[in-house]
Amino acid sequence: FSDTGRGLMARRHFQPGDVIISVPERCLLTASTVLDTYLGRYLRECSGSVTALQALCVFLILQQQQQQPGQWGPYIAVLPASYSCPAYFSSEERSALPAPLRQEAEAQVAALLQDWRGTRPLVRLLQSLFPEPVSRVFCKDAFRWAWCSVNTRAVYLPAQPCPTLAGGTGSLALAPILDLLNHHPSAKVTAGFNEATREYEVRAGQTHARHSQVFICYGPHDSQSLLLHYGFVCDANPHDVVYATVGEIRGRL
């Protein structure tokens with residue numbers, strides 16, 4: 001699409017209530033999925049110390065390193081090579097942000113580093129899988145890519161029991177194809193996991209003409225929130241607000 005790049009096009013006319021797209025549970029990449037792979041053995045050795053987010057990040061890096069792509073190879077191959085959220089900003093770029101956003105951006109970087117360091121016990125167990133030091137494979141840049149892939153693209157499912165993981169549950173899921181839906185603040189859809197069909201569904205809340213781009217709304221996010229969490233801003237965003245510090249307000253009084 002000329003205005004958004006990649007996106008999803010309606011191949012037919014959609015009415016409100018129609019299912020636009022559905023992804024079967026078996027095609028969702030979740031913490032439970034990861035536990036059922038060879039990585040599950042190592043996660044059990046670190047029982048209770050790795051979160052669902054960290055498990056997904058380590059799995060993405062492992063899959064990216066495989067010479068023979070597995071089931072998830074085609075999906076991971078089309079993920080962006082980098083992202084435009086503040087975790088990818090230089091320190092100089094973050095320092096140029098407005099004060100409230102700068103604080104959030106620094107907190108994001110701190111959370112990323114904390115999650116990366118928290119995977120070290122698990123990563124050390126994986127050394128036998130690689131000829132080179134695992135510290136090179138699971139370096140900060142690789143983890144940043146995986147962390148942003150999950151945080152900018154994941155959907156939420158009802159909490160799944162994962163006693164092996166920290167917190168005992170996992171609700172994050174990467175949904176191939178579905179995550180090609182672009183955000184628009186005026187899009188009207190409903191999205192969620194259908195317990196009856198065991199599929200994650202997106203249903204239209206408005207009509208969509210054939211061959212038009214179908215959008216999803218991530219929520220009533222202002223531009224600073226969109227930049228922080230997803231790495232983009234919207235023109236004419238009806239949810240925009242102006243942030244001001246107490247000092248700035250006092251200076252205008």
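This is a predicted model: local features need pLDDT of at least 70, side-chain atom pairs count only at pLDDT 80 or more; totals for chains, interfaces and linings use all residues.
Let's start with strand S8, residues 199-204. S8 pairs with strand S2, residues 19-24. The two run antiparallel, and five bridges join them. Look at valine 23: its bridge partner in S8 is tyrosine 200.

S8 also pairs with strand S7, residues 189-194. Again the sense is antiparallel, here with six bridges. Alanine 191 stands opposite valine 202 of S8. What do S7 and S8 form together? A hairpin, with four residues between the strands. In that turn sits arginine 198, with a positive phi of about 60 degrees. Keep that residue in mind.

Now the open sheet. Three strands make it up, in the order S1-S9-S6, with mixed pairing. Which strands stand at the edges? Strand S1 (8-9) and strand S6 (182-183). Each has a single partner strand, so one side of each has no neighbour in the sheet. S6 and strand S9, residues 213-216, pair in the parallel sense over two bridges. Histidine 183 has isoleucine 216 in S9 as its bridge partner.

Next, helix H3, residues 52-65. From first C-alpha to last, H3 reaches 20 Å, close to the 20 Å expected for its 14 residues at 1.5 Å a residue. Is H3 mostly covered or mostly open? Mostly covered: twelve of the 14 residues are buried. Among them are Leu53, Cys57, Phe59 and Gln63.

On to charges. Side chains of opposite charge can pair when their charged atoms come close. A search of the whole structure finds eight salt bridges. I'll show three.

One joins aspartate 141 to arginine 144, with the closest N and O atoms 3.4 Å apart. These two residues are three apart in helix H9 (residues 140-153), so about one helical turn separates them. Aspartate 141 is partly exposed, at 47% relative accessible area.

Another joins arginine 153 and aspartate 179, at 3.2 Å, N to O. This pair links distant parts of the chain, 26 residues apart. Arginine 153 is in helix H9, and aspartate 179 is in the loop between strand S5 (169-174) and S6. Arginine 153 counts as buried because its relative accessibility, 16%, is under 20%. Aspartate 179 is buried too, at 15%.

Finally, back to the hairpin turn. Arginine 198 forms a salt bridge with glutamate 195, and their closest N and O atoms are 2.4 Å apart. Glutamate 195 is partly exposed at 46%, and arginine 198 is partly exposed at 36%. Glu25 joins in as well: Glu25, Glu195 and Arg198 are linked in a network of salt bridges.

How values were computed: Residues are numbered from 1 along each chain as its sequence is written. Side-chain values use heavy atoms; hydrogens and water are left out. Two strands pair if DSSP finds at least two bridges between them. The expected span of a helix is 1.5 Å times one less than its number of residues. Buried means under 20% relative accessible area, exposed over 50%, partly exposed in between (1.4 Å probe, protein chains only). A salt bridge is a side-chain nitrogen of Lys or Arg within 4 Å of a carboxyl oxygen of Asp or Glu.
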